Amino acid sequence: MAQGVRDGIYDLLAARGVSRRDFVKYCGSVAALLGLSEMYAPQIVSAVEAGAKLKPTVWLDMGLCTGCTESLAQVDTPDVASIVLDLLSVNYMETIMAAAGTQAEEARTKTIADGGYVLVVEGAIMTGEGGNTLRIAGKTGLEILKEAAGKADAIICVGSCAVDGGWVNAAPNPAGGKGVLDVMPELKAKTINLPTCPVNPEWIVAMVVDVLLLGKLPAMDDKNRPTLIFGSTIHDNCPRRGHFENGEFVEAFGTEAEVKQWCLYKMGCKGPQTMTNCPSVRWNRRASWCVESGSPCIGCGHVYTNWVDASAPFLSRMTDVNLPGLGGVRPETVGTVVGAAAAAGLLVHGIASAATGRTSGPPMETEKAWDKKHKASKGGDN
Amino acid sequence: MSQHAHYRAAHPLIFVFTHYVNLISMIGLAFTGFFIHYPFFVWSMGLARSIHFMLMFILIINLTARIILSFWVKDALLLGSNVVDTDIKNWLPQKENKHQFLETVKYYLFLRKEHVISGKYGSLQKTAYLATIPITYAMAYTGFALYGPAQHWALAPFFNAGTAAVGGLMAMRMIHYFGMWIIIVFTMVHAYLANIHGIAPTKIMFAWVETKPEGH
């Protein structure tokens with residue numbers, strides 16, 4: 001590797017007040033995030049050094065709230081993570097690019113024409129009204145995705161909206177928001193899904209190191225989620241797990257139990273059924289995360305069905321059951337009503353049975369009804 | 001007609017035992033299951049979960065043993081009879097059951113006056129009892145699937161595939177929850193219909209005390 005490049009990255013680090021020591025330490029934590037031993041830190045260091053040659057990136061903003069961009073851009077102090085992310089030469093990103101209009105669109109078409117870029121998709125692909133629920137520069141979102149996806153080296157879907165439609169896809173979804181792989185399943189081989197709302201920037205760093213620098217796709221599950229990030233439940237790594245096991249629960253906000261940071265299970269925490277590594281990686285430059293800041297997990301990492309529909313109401317243990325004519329009903333209500341109806345039915349049946357004298361033993365048929373009927377119709381002897 | 005006879009020949013001691021195991025584990029599973037769903041008093045979640053697991057294994061082993069035993073143990077196929085045959089014959093559909101299912105339903109809906117002719121188990125009863133087998137195994141499967149994400153054991157893919165098929169862990173949790181209500185309603189109806197003509201069935205199944213037909 002050229003000495004110049006190596007110096008280049010350390011100049012970049014020095015300019016941001018990051019020592020080489022801090023940088024190597026950070027690479028150690030990236031190794032941990034990737035499930036590698038710290039032994040791999042030097043390899044990651046050299047990979048990042050080598051990767052200082054910028055990788056062109058196209059960042060598509062589809063049907064979105066820009067929350068994922070916010071999550072990524074909220075850097076109050078320049079840190080090492082932002083330097084790794086700086087390795088992405090974002091040639092096109094509507095939210096932050098200086099260029100506008102034709103000039104901006106040219107940046108996109110040129111990068112796509114050159115090939116060898118990373119495509120990052122944020123937001124849902126809008127399919128409603130023939131795709132016209134999202135038009136950018138005269139084209140539908142789906143057309144832009146199709147143009148950009150073909151020549152991309154890898155596609156990173158950041159946030160639940162790009163993964164499966166997210167909030168935009170929640171019922172009734174009139175605008176037809178869908179995930180990238182929902183509309184283009186043929187991209188499965190080179191797509192990495194990073195659900196949650198918003199995406200955790202640390203995971204993007206890990207993917208940049210893993211894919212772009214170490215040159216391989218991570219191990220992924222059937223929904224294209226990296227298993228190291230989405231392989232265990234929040235509940236299993238939760239710092240409040242001890243309170244759960246002890247039966248110490250917050251039952252209402254504004255109580256002493258909340259101050260004591262007891263378990264939020266009864267407040268509808270979706271931690272037991274949500275598989276992300278939020279408790280260990282945390283958010284906002286590793287400062288805190290939902291449960292640590294006092295909110296139950298709302299299950300934004302859920303895949304297979306829309307996470308909003310599967311997790312709402314957010315402060316309930318289970319989601320509502322949609323019954324025809326009644327709308328959303330609590331599962332506990334459904335169960336209790338069914339149980340009570342059965343008990344009431346049996347009571348009425350018991351009273352009716354007693355009234356008709358059945359309880360002391362009913363008369364027994366001497367011949368099966370079917371036999372009797374069919375013998376008669378065949379002209380049998382009785 | 002009066003009360004049916006209930007002889008030990010129809011309910012061998014081993015099945016009285018498996019029935020007890022079923023009842024006790026189901027009550028325990030329902031109680032700890034409700035507690036895990038929403039802890040309604042201060043108790044150890046770990047203990048509730050351990051008891052829930054232990055009872056599940058007992059229930060599943062008991063059910064499996066009960067099914068295997070039905071091919072070996074001989075009992076009476078008719079109430080009030082001492083003539084025995086292999087127990088599985090009580091369960092398999094028989095040609096005599098044909099046309100009796102709807103008649104049985106009609107009887108319980110007061111659409112006919114006379115009780116229907118049947119073997120030890122009526123066709124409605126047979127159907128309901130047989131249905132408990134897949135339901136019980138399904139409860140164990142959905143329970144394992146809910147616990148699956150915490151486990152990295154060899155069978156995890158078998159359960160995770162089910163979770164993916166039903167639409168994730170929330171859907172799986174609700175299936176497990178409503179499955180419990182199905183079992184509760186079954187148990188209520190079962191206890192009621194078994195004893196509607198007197199408590200002789202309870203006497204034989206719990207105390208193994210026979211009831212002879214009147215006049216004997």
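Modeller: A salt bridge here is a side-chain nitrogen of Lys or Arg within 4 Å of a carboxyl oxygen of Asp or Glu. By that rule, two salt bridges cross the interface of chain A and chain B. Keep in mind that this is a predicted model.

Take one of those bridges. A:E365 pairs with B:R112, and the closest N and O atoms are 2.6 Å apart. Both ends are buried, A:E365 as well as B:R112. The pair joins two chains, because A:E365 sits in the loop between α18 and α19 of chain A, while B:R112 sits in the loop between α3 (100-108) and α4 (123-147) of chain B. In general, side chains of opposite charge can pair when their charged atoms come close.

Now the extent of the contact. Chain A puts in 55 residues and chain B 47 residues. Between them the chains bury about 4500 Å², with 64% of it on carbon and sulfur atoms. On the chain A side, A:R358, A:M364 and A:E365 lose the most area to chain B. Together these three account for 15% of what that side buries.

Across the interface, 19 residue pairs are in polar contact, both residues being at pLDDT 80 or more. Which helices of chain A each supply at least two residues to the side that touches chain B? They are α14 (241-245), α18 (331-355) and α19 (369-377). α18(A) gives the most, with 14 residues. By type, the residues on this side of chain A divide into 22 nonpolar, 20 polar and 13 charged.

Look at one residue of α18. A:S353 lies in that helix of chain A. A:S353 is buried, with a relative accessible area of 0%. Leaving out residues up to four places away in sequence, A:S353 touches A:R358, A:T359, B:F110, B:Y192 and B:I196.

Chain A holds 19 helices and eleven strands. Of its 382 residues, 49% are buried. Among contacts between residues at least 6 apart in sequence, 70% join residues at least 24 apart.

Salt bridges also occur inside chain A. Over all chains the count comes to 20. One of them pairs A:R108 with A:E147, at 3.8 Å from N to O. A:R108 belongs to helix α6 (residues 101-114) and A:E147 to helix α7, so the pair ties together parts that are 39 residues apart in sequence. A:R108 is buried at 2% relative accessible area, whereas A:E147 is partly exposed at 31%. Through shared partners, salt bridges join A:E105, A:R108, A:K139 and A:E147 into one network.

A:D114 meets A:K110, the closest N and O atoms being 3.1 Å apart. These residues are four apart in helix α6 of chain A, which means about one helical turn separates them. Both A:D114 and A:K110 are exposed.

Helix α7 (residues 141-149) has a buried set of its own: A:G141, A:I144, A:L145, A:A148 and A:A149. They cover an arc of only 120 degrees around the axis, so they lie on the same side of α7(A). The background is simple: an α-helix has 3.6 residues a turn, so residues three or four places apart point the same way.

Last, check the backbone. The peptide bond from A:C197 to A:P198 is cis, with omega near 0 degrees. A:P198 is in the loop between β9 (191-194) and α11 (201-213) of chain A. That loop also holds A:T196. Phi of A:T196 is near 105 degrees, a positive value in a residue other than glycine. A:T196 is buried, at 1% relative accessible area. A cis bond also joins A:A171 and A:P172, with omega about 5 degrees.

Key. Residues numbered from 1 in each chain as written. Chains lettered and ligands numbered in written order. Heavy atoms only, no water. Contact = heavy atoms within 4.5 Å. Buried area = accessible area lost by both parts, 1.4 Å probe. Polar contact = N/O pair within 3.5 Å; in protein donor to acceptor, adjacent residues only side chain to side chain. Nonpolar A, V, L, I, M, F, W, Y, C, P; charged D, E, K, R; others polar. Buried < 20%, exposed > 50% of the residue type's maximum accessible area, 1.4 Å probe, protein only. Arc of directions from axis to C-beta.
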